[in-house]
Amino acid sequence: MPDFEIVGLNPKFVDYKDAWTLQRQVHADVSAGVRKDTLLLLEHASVYTAGKRTEDEERPADGTPVIDVDRGGKITWHGPGQLVGYPIMKLPEPIDVVGYVRWLEQVLIDSIAEFGLYTERVEGRSGVWAPYEGSHVKIAAIGIRVAEKTTMHGFALNCNNSLEPYETIIACGIRDAKTSTISQMLQKEVTPAMAAEVIMTNFSSIESVSK
């Protein structure tokens with residue numbers, strides 16, 4: 001069982017730049033060995049963020065501001081109703097970044113299942129997906145960075161957020177798939193606070209990223 005410090009869901013909407021500053025501070029401490037692995041859980045005020053591979057045509061056409069960040073992946077949206085998690089943790093050696101992403105996906109798959117929604121991976125695409133009408137809809141996005149053998153950034157789990165912000169971008173650079181929420185798929189309310197409680201339990205029950 002990993003020795004995690006879990007910072008529970010912040011009751012306020014957190015500005016993305018403030019959270020990014022906090023991430024960097026925690027990352028420096030974890031990588032230096034002066035703080036144990038830490039999971040930050042929060043909801044952001046509405047914001048678009050673009051990973052390093054984002055192309056110009058994937059950005060909002062209406063000029064909405066976008067924050068460029070140093071994670072992998074492409075453009076996405078964060079905002080109220082979406083649970084964002086930033087696991088900041090040292091990876092076991094040999095470093096296996098793909099293995100870490102698969103582990104993170106499994107934590108989300110297991111957590112979502114506790115609400116009664118089946119989700120799975122889609123080959124060639126990161127994140128967590130729910131089968132829908134012969135295809136899939138995206139329920140959770142993942143975008144990470146590894147520096148000094150330590151992870152930062154993480155996942156965004158759609159709980160009961162609006163889907164309108166996704167209509168102005170090509171989310172994650174994927175043109176042929178849509179995004180949904182746990183609440184929409186189940187036709188019952190699932191809040192970020194509810195999801196945070198389950199995810200905190202599942203993070204503490206994972207024995208090792210290397211497995």
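Rings of Phe, Tyr and Trp (for Trp, the six-membered ring) pair if their centres lie within 6.5 Å; planes under 30 degrees apart count as stacked, over 60 as edge-to-face and the rest as tilted. By this rule the count comes to five aromatic pairs. One of them, Phe4 with Phe203, is edge-to-face, at 5.5 Å centre to centre and 80° between the planes. This pair links distant parts of the chain, 199 residues apart: Phe4 sits in the segment before strand E1 (5-7), and Phe203 in helix H4 (residues 192-205). Helices (H or I, at least four residues) and strands (E, at least two) are DSSP runs, numbered from the N terminus.

The model is predicted: local features need pLDDT of at least 70 and side-chain atom pairs count only at pLDDT 80 or more, while totals for chains, interfaces and linings use all residues. Residues are numbered from 1 along each chain as its sequence is written, and side-chain values use heavy atoms, with hydrogens and water left out.

Phe4 has 12% relative accessibility. Phe203 has 0%. Ring pairs also bring in Tyr100 and Trp103, linking them with Phe4 and Phe203 into a cluster.

Helix H1 (residues 16-32) holds another pair, Tyr16 and Trp20, four residues apart, or about one turn of the helix. Their rings are tilted, with 6.2 Å centre to centre and 55° between the planes. Tyr16 is buried at 3% relative accessible area. Trp20 counts as buried too, at 14%. Arg24 lies over the face of Trp20, 4.8 Å from the ring centre. For such a call, NZ of Lys or CZ of Arg must be within 6 Å of the ring centre and within 35 degrees of the ring normal.

Axes are lines fitted to C-alpha atoms, for helices over the stretch in contact, and angles run from 0 to 180 degrees between N-to-C directions. The sheet is open, with three strands in the order E5-E4-E6 and mixed pairing. E5 and E6 stand at the edges, each with a single partner strand, so one side of each has no neighbour in the sheet. On average, neighbouring strands are turned by 30° against each other, direction ignored.

Strands pair if DSSP finds at least two bridges between them. E4 and strand E6 (residues 75-78) run antiparallel, joined by four bridges. E4 and strand E5 (residues 66-68) pair in the parallel sense over three bridges. Thr49 has a bridge partner in E6, Thr76, and one in E5, Ile67. Ala50 has Asp68 as its bridge partner in E5.

In a regular strand the side chains alternate between the two faces of the sheet. In E4 (residues 47-50), Val47 and Thr49 point one way, Tyr48 and Ala50 the other way, and all are buried.

The last stop is Gln82, in strand E7 (residues 82-88). Gln82 is buried, at 1% relative accessible area. Its side chain makes a polar contact with the side chain of Tyr166 at 3.2 Å. A polar contact is a pair of N or O atoms within 3.5 Å; within protein, one must be able to donate a hydrogen and the other to accept it, and residues adjacent in sequence count only if both atoms are side-chain atoms. Beyond its neighbours within four places in sequence, Gln82 is in contact (heavy atoms within 4.5 Å) with residues including Leu42, Trp77, Cys159 and Pro192.

How values were computed. Buried means under 20% relative accessible area, exposed over 50%, partly exposed in between (1.4 Å probe, protein chains only).
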